[in-house]
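I'm jotting down what I look up as I go.

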Amino acid sequence: MAETNRTEVHVYEQVVILSSCVLSFFGSLLIICTFARWPDLRTTARKLLVYLSVTDLLSALSYFYGVLRSFNSDSGDCIAQGAISTFANTSSFFWTVAIAIYLYVFIVKSSQRQANNLVLYFHLISWGVPFGITVAALSLHKIGYDASEVSVGWCWVNLQAEDHVLWMLLTAKIWEFIAYVTLPVLYILIKIHINRAHAALSEYRPILTSSPVSHSPSSMADRKLTIIPIIFIVLRMWSTIRFLLLLTDSPAGHNPVLVTLHGIGNTFQGAANCIMFVLLTPSIRSRLVAQLCCRGHDKHWHSQSVSQNRASPYTPSHREENTSPQTWENNEGVTCT
């Protein structure tokens, strides 16, 4: 590709995207640290979130290096960075969908055993498929400099390759398109199940209907189930738009606003997960505040969480049973991640 076709990445774009990488790195790290710090949070669902955070952390590091270097040739570190980001980014798609599948089986099918049995397959697919694709792309010399036509300073699929569109699909886009469809469908089905369960419960406990809906735990859970796929789509859509613009040779793909949104969308996933499942989760946020402000309060929150977990159907030791939207949200910070 001629140098004149290179998408210029301005300094202010680099600063914004590097900041997004830093936020995503520390957001992913915070999710991992809270999991390691409090043993009662180590449920299967939160383990899946930790695996997702590992891929987001790796993505943030590789993208940070790529944006900082702003490659202009097929150098060795360009190829290495492209390979790492390809693996991490693709693996992130798989783990995001894996979490949705796990929650669907756990909540809608009401089978903890069946959901836990899927974890091994999640590992095999979410690590194995991206690794195999990345190794194949490296072996066939498909990863390299792309003149920021489908990136923002970092390296991905070399546009000099005749079949570069095929490899863009294999290394990211086809899995991204699948996630666009799968995530909304699964979370809508989960929401429908929770709403039905809540309606059925209200028939026998009319007092529940008089509680403030906007502040109820089930309402909080319902909003999160709505936001999860929306956040994914909003963050990832910009890279998809630029990919489609590349296929049509449209100059709109060079638009600085679109380029910046693409950079933020590809790098902010770890920070978004941290906001959703740490900072906006009352049980974990309270522990963090207590940890930072008064270490003595940590014991209180730990004992309180343990007592809540014993009464919740979302602890690993509880027998399989139908889910309640209220208990789902009460222990959401521990299990539904």
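Predicted model: local features only at pLDDT ≥ 70, side-chain atom pairs only at ≥ 80, totals over all residues.

**Cysteines and one serine**

I started with Cys 33, which comes out partly exposed at a relative accessible area of 40%. My cut-offs: buried is under 20% relative accessible area, exposed is over 50%, and partly exposed is in between (1.4 Å probe, protein chains only).

Residues are numbered from 1 along each chain as its sequence is written, and side-chain values use heavy atoms, with hydrogens and water left out.

Next I checked Cys 293, which counts as exposed because its relative accessibility is 66%.

Then I went looking for disulfides (a pair of cysteine sulfur atoms within 2.5 Å). How many does a search of the whole structure find? It finds one. The partners are Cys 78 and Cys 155, with their sulfur atoms 1.9 Å apart. Cys 78 sits in helix α3 (residues 76-108) and Cys 155 in the loop between β1 (143-144) and β2 (156-157), so the pair ties together parts 77 residues apart in sequence. Helices (H or I, at least four residues) and strands (E, at least two) are DSSP runs, numbered from the N terminus. The S-S torsion of Cys 78 and Cys 155 is about -115°, so I wrote down "left-handed" for this disulfide. Both Cys 78 and Cys 155 are buried.

Last stop: Ser 59, in helix α2 (residues 44-69). Is Ser 59 buried or exposed? Ser 59 is buried, at 4% relative accessible area. Skipping neighbours within four places in sequence, I found Ser 59 in contact (heavy atoms within 4.5 Å) with Ala 88 and Asn 89.
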